[in-house]
Each structure stands twice: as structure tokens, then as C-alpha cells.
Amino acid sequence: MLRYIIAFCMLTLPAMAEEVVLGLSKDEVAITTSFDGSDVLIFGAVKRETPIPDGDPLEVIITVSGPSKAVTVRRKEKRFGIWVNVDAVEIDEAPSFYAVATSAPLRDVLNDVEDLRYKISVPRAIRSVGAPMAVQDAGAFTQAIIRIRTKSDAYQLLENGVSVDAQTLFQTSIQLPAALTEGEYKTRIFLTRSGKVISDYETSIDVRKIGLERWLFTMSRENSLLYGLMSLAIAIAAGWGASAIFRVFRL
Amino acid sequence: MQIYLPIAEISVNAFLLLGLGGIVGILSGMFGVGGGFLMTPLLFFIGIPPAVAVATEANQIVASSFSGVLAHFKRKTVDLRMGTVLLIGGLVGAALGVVVFNYLKAQGQVDLLVKLCYVIFLGVIGGLMFIESLNAIRKTSKGATPKRKKHNWVHGLPFKMRFRVSGLYISVIPPLIVGVLVGILAAIMGVGGGFIMVPAMIYLLGMPTKVVVGTSLFQIIFVTAFTTMLHATTNFTVDIVLAVLLLVGGVFGAQIGTRIGVKMKAEQLRILLAIMVLAVCGKLAFDLLVMPSDVFSIAAGGH
């Protein structure tokens, strides 16, 4: 028994020895009318009370994930000469935005077991609960959502995107696209050695609409009747205005 | 200039939207169609979520139709009485159409049905109109006066009413039925229904082409205003910023379109509308027949 405890301590003690101290260039992203994407600089240092351990170098993985929502992925097939949706898989939780930045190729800095535990890589971050039994090859649906969202920069894998200096200082820059959903963007930092996570740290970036954007959005939800009438009033006024301008200038 | 849309949650180029609104507005003023069947696919293409595109488009059509109808009022080419009869039929039809739509939605495959509806209706209407107006152009170029008014079974029905502006004395039953049918289709296909209404008024009711455009715009205003309110209060998908960008271009376009339309001959107007309808039909048929670039597609939400 004692042997196990000693072994356990030897495993865990070095892990506690290295911790993350973090800084963010901004912990708030404000969506204004002229919002056109935003760069967030994530930087930090590794705090340790013991000398740098020998062996594999320290690697850093940083993930940023937007609010998760359920989505339905549909597949088309040719039936009677035309392309129709034949089957659909509901993906329970797919983040609207997900970026993974690593200090070396992902496979080298993280092993599968740790990936499964912390859900770091893009496929692991997406959870599909039950595909209907009738659907063959359900995995293709998860791959499809990754492929489509990677194309629009909603999912990013930035291998070698984190620079680490003297195994102590690290930094990366994550680009948030223009098509951004509101919410808490969970930011996680993992320190790994030989594929194992030795320390992790979590914080969040708050993405909020402000000013006119906030006002219109809130009104459309809470005062939808007034919002609808306002839309119509603007439409009628614009229609009348254009007609009046053309009349005045006798066009 | 990029502008972030609060409801669509996407950033778009403002000038692109102003331009699109303007082009669709011109078509609207010329032909008396709302232009939803053109604009909605264009908005999808830019990346606006489909639900937001359909709802916001309805709001934009209110503006461009109102602008267009004012120009037509000045020229006395709006048959208010006929418009009201069509509108009554249209609202009844729209209510029925929503019921049908929800039933089909429960069965799945509603997207496919909408697209097939589009292809069939656009193809048939566009084709017939194209042939008819081509013949009319040939006849007038030979110097023969075109014969429009024909007596058929329509004139034997009861409840006759005088439609002075259109120069018609017919039963109210055919316009009511046309209104109901267009209303049903409009609700299922998510458009104002101008491109079905216009040919129906010309060929089924025998109205003069010039009056048809203004009258169609008149009834589209009410149908799309109703749709806008429905979407705003139930789905929260009307994006007012997107609507403003589109309608600024749209209202000016509609004024220009009306002026172009007045200067053109009725047959020319009809043949251009037919070509446009056939082009949209061809594009939709192409999408159905050719293998998509990605067989997978993502839709928001679960079941």
C-alpha cells in the first residue's frame, strides 16, 4: 500500500510544481456596429518552485471555445434524379467557435487518453450523443461539421501557434471571426510534458453586444411587438421618403 | 464598410447590401413583384441565416412596394377595388398555407417541397408567359392589333362587380380564388407571391398589364407587413439593421423601376419578367440536379 502512495506522490508532486500565471490582452470583446472580428492575445508564464525538470520540454496548449449549441447535420443523396436530404444526425453540443493553439504538433504534445479526459482536440470537443440506428457511418457527420466550420474559420487548429520561451514564458494570438456569437468564451491553458497534462488553468473572455446592437437585440426579444411595428414604420417611412424625393426633383 | 448585424450575428459589407437592395427594387417597381424570390437566395449566399433572411426580406418588400405603389398611385394605375378583393382572398389563403406548411414540416422534407414548388411554378408560369409575349410581339410587329378581351366561362359567374380602373365587369369569385391560391403558395414558399399573382391577373382575370403592376404591389404591402409581424413576434428573426440597409437601396430602385416600366410596351415588360422567372427556375433546378459541393449541411437547433 505504502508503495502505491509513494508512487502516487512521485507522479503528482512534479505536476503541482508548475503552474500557470495568465494574462489576456482583453477579457472582454465588445460587439459594436462596426465590429469586424477581433484578435485576442493570450500570454502567461509558468510559475515553479523547483528547477526545470529534465526530460521532454514543457509544451503549452491553449483552447478558446464559444457557447455550445445543438445542431442538426443533414446528408443529401440522389433519389429519383434529384438531390434530397436523406438522413440527419443531431449533434448535442457543438461550440459555435473553437480554436486550439499548440506549441508543437498536437499529436506530439498530447496523448489520446489525456485528450479524451480534457476534450482538447476539435473532434473531442464536439459531443454527439445518439445517432439514429438507421444512420450508417455516424462519424462522417461529426467530420462534416468540423470540415464546414473549419472552412469558415469557426474552428481553428493552430499547431505551433503558441511560442514558448525558456520553458517559462508563452504567448499566442487567437483571431475571433466577424461572425461571432455572444456569450462566454471559455479559455483553457494546459501545460504538458511527454503528452501528459501536468497543469491546467481556466478563465473566460466575455463577448457582448454593446450600444445600438445591445439595444436592438434586447428589444427584439423582450418587446417583439413594438420591434415589429418599428420595423414596419421604418419601411413605410423610407418608401414614402423616396417617393417624396423623386416628386420634389420631378424625376 | 463592414457592419455587424445584431440578429443575424454576422458582419457584412454595407455597400453590397445597398446595391442588392437597389437592383431588386428596380425589378420590383418594373414588374410588380416583391423580389423576395430573388433576394432570399442572394442573402443565403452572403451567409445570412435562412430564417433571418426570409423574415427580413418581408420587411424590405414592405418598403419597396410602398415606394412603388405611391409612384403608381400618381399615374392612377392601381385598381384599389381589385386589390382589396385579391387581398381578402390572399389573407385567407395565407392562413391556410401556414397550416399546410406546419403539417409538411412535421412530415420532414419541407425544404424539398418548397424547392420543387418553386421549380414547377416558375417553370410553368415563366414558360407560358414567354411564349405568349413572344407571339404578341410578333403580331404587333406585323401590324395587327392585339386582341386581349375574350369572353369565356369566367364571365358567366354570379356576383358581378365593376372594376373601373381595370376596365372589367366580372364576378368577384375568380379574383377571390386567385387570391386564396396565391396566399397558400406564398405562405408555403415564404414569398409575397407577386410573381404568381402578376401572371394570374394578366391571363386569368384579363387585367391590363400596366394596372396589374400597381395593383400587385398594393396587395403585396399588406401580405408582407403581416408576414413581418408574424416573424418578429414568433421567431424573433427580423434583423432591423439588415432591413434598413436593403430598403434604402430598395425604395430608390422601386422609383426608378416604375419609371422604366411606364416607358416600356406591355409585351416587352411581360417577356422580360418571363425571362427572369425562367432564369431563377433554371438555377433552382440546377441545384437539385447537380451534385452539391458538400453533401452535408448544418442547421441550427435540434428537433
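This is a predicted model: local features need pLDDT of at least 70, side-chain atom pairs count only at pLDDT 80 or more; totals for chains, interfaces and linings use all residues.
Residues are numbered from 1 along each chain as its sequence is written, while chains are lettered from A and ligands numbered from 1 in the order in which they are written.

Chain A contains seven helices and 12 strands; helices (H or I, at least four residues) and strands (E, at least two) are DSSP runs numbered from the N terminus. Of its 251 residues, 30% count as buried. Here a residue is buried if 20 or more other C-beta atoms lie within 10 Å of its own, exposed if 12 or fewer, and partly exposed in between, with C-beta atoms placed from the backbone. Among contacts in chain A between residues at least 6 apart in sequence, 70% join residues at least 24 apart, where a contact means that the C-beta atoms, placed from the backbone, lie within 7 Å.

Strand β4 of chain A, residues 59-65, is mostly covered, with seven of its seven residues buried. In a regular strand the side chains alternate between the two faces of the sheet. On one side of β4(A) lie A:E59, A:I61, A:T63 and A:S65, on the other A:V60, A:I62 and A:V64, and both faces are covered. Two strands are taken to pair if DSSP finds at least two bridges between them. Strand β4(A) is joined by seven bridges to β11 (residues 183-193) of chain A, and the two run antiparallel. A further five bridges link β4(A) with β7 (residues 98-102) of chain A, again antiparallel; here A:T63 stands opposite A:V100.

Another part of chain A holds an open sheet of four strands in the order β1-β3-β10-β9, with antiparallel pairing. Strands β1 (18-24) and β9 (163-165) stand at the edges with a single partner strand each, so one side of each is left without a neighbour in the sheet. Direction ignored, neighbouring strands of this sheet are turned by 20° against each other on average; the angles come from axes, which are lines fitted to C-alpha atoms, for helices over the stretch in contact, and run from 0 to 180 degrees between N-to-C directions. Seven bridges hold together β1(A) and β3 (residues 38-48) of chain A, and A:L24 has A:I42 of β3(A) as its bridge partner.

The domain assignment divides chain A into domain 1 (2-208) and domain 2 (210-251), with bounds that come from an automatic or database domain assignment. Five residues of domain 1 of chain A touch four residues of domain 2 of chain A. Elsewhere in the chain, the axes of α6(A) and α7(A) come within 5 Å and cross at roughly 115°. This contact involves A:M219, A:S220 and A:R221 of α6(A) together with A:S224, A:L226 and A:Y227 of α7(A).

Chains A and B also meet, in a contact that takes 47 residues from chain A and 48 residues from chain B. Helix α7(A) provides the largest share of the chain A side, 15 residues. That side divides into 26 nonpolar, 12 polar and nine charged residues; Ala, Val, Leu, Ile, Met, Phe, Trp, Tyr, Cys and Pro count as nonpolar, Asp, Glu, Lys and Arg as charged, and the others, Gly among them, as polar.

The largest nonpolar core has 146 residues, and those with the most contacts inside it are B:L5, B:V198 and B:L247. Such a core is a set of buried Ala, Val, Leu, Ile, Met, Phe, Trp, Tyr and Cys residues joined through C-beta atoms within 7 Å. Leaving aside neighbours within four places in sequence, B:V198 is in contact with residues including B:F31, B:V212 and B:L273.

In chain B, helix α2 (residues 36-46) has buried residues, among them B:F37, B:L38 and B:M39. The cover over the buried residues of α2(B) includes α1 (14-31), α3 (50-74), α7 (194-204) and α10 (266-289) of chain B. Just after α2(B), B:G47 takes a positive phi of about 115°.

Definitions and conventions
Two residues are in contact if their C-beta atoms, placed from the backbone, lie within 7 Å.
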